[in-house]
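Q: I'd like to learn how to read a protein model, one feature at a time. Can we walk through one together?

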Amino acid sequence: MSEFLSTLARNALFTLDPEAAHGLSIRALKSGLVPGCSGDRDDRLAVEIAGLKFPNPLGMAAGYDKNAEVAAALAKLGFGFVEVGTLTPRAQDGNPKPRIFRLPSDRAVINRLGFNNRGHAAALENLAGQGRSGILGINIGANKEAEDRVGDYVAGIAAFADIASYFTVNVSSPNTPGLRNLQTREALSELLTRVLAERDRCAGNIPVFLKIAPDLSEPDLDDIAAECLAQKLDGLIVSNTTLSREGLGNDASKSEAGGLSGRLVFERSTIVLAKMRERLGPDMPLIGVGGIDSAETAAEKMRAGADLVQIYTGFIYGGPLLPGRILRGLSKICDREKLTRLHDLRDSRTAHYASLPIPA
């Protein structure tokens, strides 16, 4: 697919309601209409963390492939790993529509989807029909009406133990009432204790990552870091969407409720990432998410402390050729900076970002 055709397809999708456009893009990937990424693999981009060997550091974040319908097709676009979900034990509709809003002037999106998905059983069926392709992350959550929310996360570990490359425990969505309360020290201790016990029981050494919000205070970060280290967690994903509206332009949808993603989240999420790198030390794997839409922004996340990065909103605006563009750009950065490994960028600007205040 040429840049011209990719832009034409994106512009056509942008004439549709955002959720309808999303569904159409999923159908296009399922049908094979979107060609894969061309070009030779660059071994300088490979990363090995948490016992997993990633061919490159660029992943698709959870939220795009909510029902694990196109994980294999996404891998063909060039992603080094794909994270599906968030998946809850039982199917749920999520919040009332409309619930996705584009903010084109800021290359941003506001969503208040609320973990809409068809549940564990449907996702397992979808994955079985695709065949295995690359590193697969399973993002697990809790049903809105669950009496035992921690139990829902435990059920996710059991359900996908035979297929997950890694798990992500999502406690950071702003669109399920009370979910972010699981980031408090006492609640997080119970959650991780039970989830890791279930992992040890039925999933062997499959890594478990925790996904946190960018709307946290310094004491919150202290508590989360302490609990991650105490529990010997396998890694941290920083971050989910923000409730902040600081810096937004004049798009009509800017006052809609929900989590904001896109370019404006880059600074906030990168500051939180760097602060967590300083708290957790050099050995804890970190995945940086938020505002990445180019090779330069991906590399800057790594300079701030990320081992891997993920995109989603950038993919909405950049289209299916974006992963290939980012990977080629990362190779050029290796050439420019004479790097034998892209990963050698990591932490070169951690101190800078960690010294900045988290935006109000």
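This is a predicted model: local features need pLDDT of at least 70, side-chain atom pairs count only at pLDDT 80 or more; totals for chains, interfaces and linings use all residues.

Q: How do I read the strands, and in what order do the eight strands of the barrel close?
A: Strands of a sheet pair through backbone hydrogen bonds, either parallel or antiparallel. Strands here are DSSP runs of E with at least two residues, helices are runs of H or I with at least four, and both are numbered from the N terminus. Two strands pair if DSSP finds at least two bridges between them. In this model, eight strands close into a barrel in the order β3-β4-β7-β8-β9-β10-β12-β13, with parallel pairing. From one strand to the next, the twist averages 25°.

Q: Over how many bridges do β12 and β13 pair?
A: Strand β12 (residues 286-289) and strand β13 (residues 308-311) pair over three bridges, in the parallel sense. If you want a spot to look at, Val289 stands opposite Gln310 in β13.

Q: Which strands stand at the edges of the open sheet?
A: The open sheet has three strands in the order β5-β6-β11, and the pairing is antiparallel. The edges are β5 (100-103) and β11 (259-262); each has a single partner strand, so one side of each is left without a neighbour in the sheet. The twist in this sheet averages 20° from one strand to the next. Zooming in, β5 pairs with strand β6 (residues 108-111) over four bridges in the antiparallel sense, and the bridge partner of Arg102 in β6 is Val109.

Q: Now helices. At what angle do α4 and α5 pack?
A: Two packed helices are described by the angle between their axes and the distance between the axes. The axes are lines fitted to C-alpha atoms, for helices over the stretch in contact, and angles run from 0 to 180 degrees between N-to-C directions. Helix α4 (residues 119-128) and helix α5 (residues 149-160) pack at about 25°, with their axes 11 Å apart. That's why α4 and α5 are called roughly parallel (under 35 degrees; over 145 is roughly antiparallel, 65 to 115 roughly perpendicular, and the rest oblique).

Q: Which residues make the contact between α4 and α5?
A: Contact means heavy atoms within 4.5 Å. From α4 you have His120, Ala123, Leu124 and Leu127, and from α5 there are Asp152, Ala155, Gly156, Ala159 and Phe160. By class, six are nonpolar, two polar and one charged (Ala, Val, Leu, Ile, Met, Phe, Trp, Tyr, Cys and Pro count as nonpolar, Asp, Glu, Lys and Arg as charged, and the others, Gly among them, as polar).

Q: How are α9 and α11 arranged?
A: Helix α9 (residues 295-303) and helix α11 (residues 322-336) have axes 8 Å apart and pack at an angle of about 60°, so α9 and α11 are oblique to each other. Their crossing is right-handed. Ala295, Glu296, Ala298, Ala299 and Arg303 in α9 meet Ile326, Gly329, Leu330, Ile333 and Arg336 in α11. That contact has six nonpolar, one polar and three charged residues.

Q: Last one: which peptide bond that ends at a proline is cis?
A: The bond from Lys97 to Pro98 is cis, with omega near -5°, and Pro98 sits in the loop between β4 (81-87) and β5. The bond from Val238 to Ser239 is cis as well, with omega near 15°; Ser239 is in the loop between β10 (235-238) and β11.

Notes. Residues are numbered from 1 along each chain as its sequence is written. Side-chain values use heavy atoms; hydrogens and water are left out. A crossing is left-handed if the near helix is turned anticlockwise from the far one by less than a right angle, and right-handed if clockwise.
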